[in-house]
Amino acid sequence: MQKIRTPYLLLLPGFAFLFTFFILPIVNLAQTSTQTPISGGDTGQYEQTLRFQNYIDAFIENREQFGRSFVYALIATLLALAISYPLAYAIAFKSGKYKNLFLVLVIAPFFTSFILRTVAWKQILGEEGFVVPTLRTIGIISDSTTLTSTSFAVVMGMTYNFLPFMTLPLYASIDRIDPRTLEASGDLYANGFTTFRKVTLPLSMPGVVAGTLLTFIPAAGDYVNAAILGSPNTKMIGNVIESRYFRIVDYPTAAALSFTLMAAILILVTLYIRKAGTEELV
Amino acid sequence: MSFDASSARGDLILTRITKEYGDFKAVDDLSLTIPKGSFFALLGPSGCGKTTTLRMIAGLEEPTIGSIHLGETDITTTKPYQRPINTVFQNYALFPHLTIFENIAFGLRRRGIKDVDAEVNKVLNLVELPHLAGRKPTQLSGGQQQRIALARAIVNRPALLLLDEPLGALDLKLRRQMQIELKWIQKEVGLTFVHVTHDQEEAMTMADTIAVMNEGKIEQMGSPADLYDNPETAFVANFLGQSNLIKGTITGNDGDSIIADLYGQKISLPKNRSHAVDNSMYAGIRPEKFRISLLDTPVSGNVLTGGRIEDVSYIGVSTQYQVEMPWGQELMVFEQNDDGVAPFNKGDAVNISWAPVFTFALRGDEDITAGSEVTPEDLDEE
């Protein structure tokens with residue numbers, strides 16, 4: 001009897017926490033999403049009318065921001081992957097005794113607030129920063145081009161902010177690869193590139209999948225980068241939800257958008273994991 | 001270098017190879033020829049440079065000085081994937097994401113061979129595991145993984161197969177079985193095998209030729225029987241089996257024999273087994289070559305008198321005695337339990353005798369403990 005009860009007791013605190021702070025709010029959010037304003041009521045007063053049309057209205061009205069969210073998140077994820085893979089590979093295989101130091105450096109940005117770091121990018125990409133004058137001098141951008149308040153700035157900010165979430169799972173995955181399997185691949189007539197394609201990359205797939213999910217999911221719902229580094233033309237769905245909730249006080253639309261975003265991410269992630277076939281991996 | 005080394009065949013020739021890591025010489029001016037088709041063992045304790053030597057042959061390390069030839073072809077600086085050499089790694093290093101079939105087919109596919117089924121199934125049958133083709137490596141036992149690692153290498157028909165402590169992770173019984181199988185497979189496929197091990201019994205069971213390595217150099221090379229019966233150094237005498245080494249002086253010649261004095265008692269030994277450089281020497285006799293007799297029993301050959309049995313341990317197939325000699329040294333004697341002779345008892349006064357041909361002589365300035373304090377169970381490699 002004791003043996004059967006123990007696992008449930010261990011689950012209890014986590015379950016209680018998630019029930020109170022995740023499941024109940026979700027139910028509440030679901031209820032809100034089908035409400036309509038009380039006729040003659042004050043701003044922010046809604047009643048339940050089960051109006052599912054809310055979802056369709058909200059989506060049609062904001063489909064541009066939805067599209068932008070996923071495109072930005074995808075680009076940021078791919079950039080982060082391109083930057084993180086060589087970095088994680090080098091830390092795992094080539095850093096020797098400095099391995100732990102490099103890992104600390106990867107997570108060092110977390111010692112400063114997310115908002116502050118994003119605001120800092122505003123300066124880096126601003127007129128007073130070193131990036132714009134340098135690019136102008138070497139002629140990559142014209143004198144009238146600015147980088148702040150552009151989609152470029154938003155994507156860069158997202159790439160930068162989510163980079164550790166890509167690097168750490170990749171590192172964990174690559175670090176677990178037995179270097180002797182790479183030697184064995186070379187021994188069995190595979191050159192460096194083939195070894196990467198046939199051995200290193202497949203063996204690091206769990207890290208690639210985890211890293212891309214940990215980057216893409218928060219990036220798709222992010223609103224801080226677009227708010228600080230973007231302009232009204234780079235609004236993402238997170239910004240719409242934020243303004244519906246806190247400025248326009250249109251709770252039903254915000255709730256419907258939140259659910260639509262969740263569903264879209266869930267579908268994309270499911271398709272992605274099916275395709276990547278992580279359950280096949282060790 | 002862009003020439004094609006992959007078709008090179010012939011003897012493997014290492015010429016004056018040195019490998020340095022900083023100040024440490026892992027391999028020190030080593031020259032070695034491994035004849036085509038032989039089963040060659042590099043035997044030595046941890047850190048003797050045998051694995052480094054193997055990795056240089058595989059192409060995983062480059063020698064600091066020296067050259068490696070396969071037949072006429074210089075392969076010193078060619079990449080591992082350009083060499084017709086395959087390795088069975090110490091921990092097998094199977095690809096965990098591929099099935100057994102794909103593990104074995106890996107080398108064939110990399111060389112652009114399209115139809116791999118026949119070849120893969122052939123080696124799977126050779127290692128007697130055809131039913132495991134669809135499994136993943138983690139679903140296999142250690143012994144099965146070992147065989148697959150072997151199959152993955154020999155399917156490529158390399159000019160040279162390198163085995164890096166391939167049986168180290170197996171338990172004793174399985175190891176004995178695999179030793180016999182490996183030897184059989186080597187005869188069957190007719191490839192050159194180079195086997196690195198710290199286990200002298202394993203090397204002696206399998207190899208035609210053994211090179212005993214110590215501190216980056218080859219101490220002695222020869223057939224297992226050569227090395228065992230006629231070791232040239234104390235290191236070899238102690239590392240391969242056990243030896244009794246008794247200090248003595250060479251006093252003269254008698255035809256093909258050398259006469260020596262061991263603490264006042266005369267013995268003789270064949271000239272071609274003496275590696276002494278002057279009159280001072282150590283006489284070496286293997287424990288199983290000794291015979292024990294009571295004082296009144298007549299004996300022939302070399303005799304040392306005045307022994308006293310200090311310790312008796314019965315181990316079934318033989319009985320091991322420690323016999324204390326008048327000069328204080330304890331000699332080890334293994335007597336087979338096959339002649340119905342009642343075992344001797346602790347405290348018996350005995351003579352020790354042996355046939356002169358079983359005696360070897362080492363230089364008198366040798367460190368007679370060399371090679372004896374390294375335990376073969378020292379598994380950790382350099």
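**Helices, a sheet and a chain contact**

Helix H2 (residues 100-110) and helix H4 (residues 142-154) of chain B pack at an angle of about 30°, their axes 7 Å apart. Helices (H or I, at least four residues) and strands (E, at least two) are DSSP runs, numbered from the N terminus. Axes are lines fitted to C-alpha atoms, for helices over the stretch in contact, and angles run from 0 to 180 degrees between N-to-C directions. H2(B) is therefore roughly parallel to H4(B) (angles under 35 degrees).

This is a predicted model: local features need pLDDT of at least 70, side-chain atom pairs count only at pLDDT 80 or more, and totals for chains, interfaces and linings use all residues. Residues are numbered from 1 along each chain as its sequence is written, while chains are lettered from A and ligands numbered from 1 in the order written.

Which residues meet? From H2(B), B:Ile100, B:Asn103, B:Ile104, B:Phe106 and B:Gly107 touch B:Ile148, B:Ala151 and B:Arg152 of H4(B). Contact means C-beta atoms, placed from the backbone, within 7 Å.

Now the sheet. Five strands of chain B form an open sheet, ordered E15-E19-E16-E17-E18, with antiparallel pairing. Strands pair if DSSP finds at least two bridges between them. E15 (291-294) and E18 (330-336) of chain B stand at the edges, each with a single partner strand, so one side of each lacks a neighbour in the sheet. Inside the sheet, six bridges join E16 (residues 302-314) to E17 (residues 318-324) of chain B. B:Arg308 has B:Glu324 in E17(B) as its bridge partner.

Last, the chain contact. 17 residues of chain A are in contact with 17 of chain B. H8(A) gives the most to chain A's side, with six residues.

Notes: Two residues are in contact if their C-beta atoms, placed from the backbone, lie within 7 Å. Angles under 35 degrees count as roughly parallel, over 145 as roughly antiparallel, 65 to 115 as roughly perpendicular and the rest as oblique.
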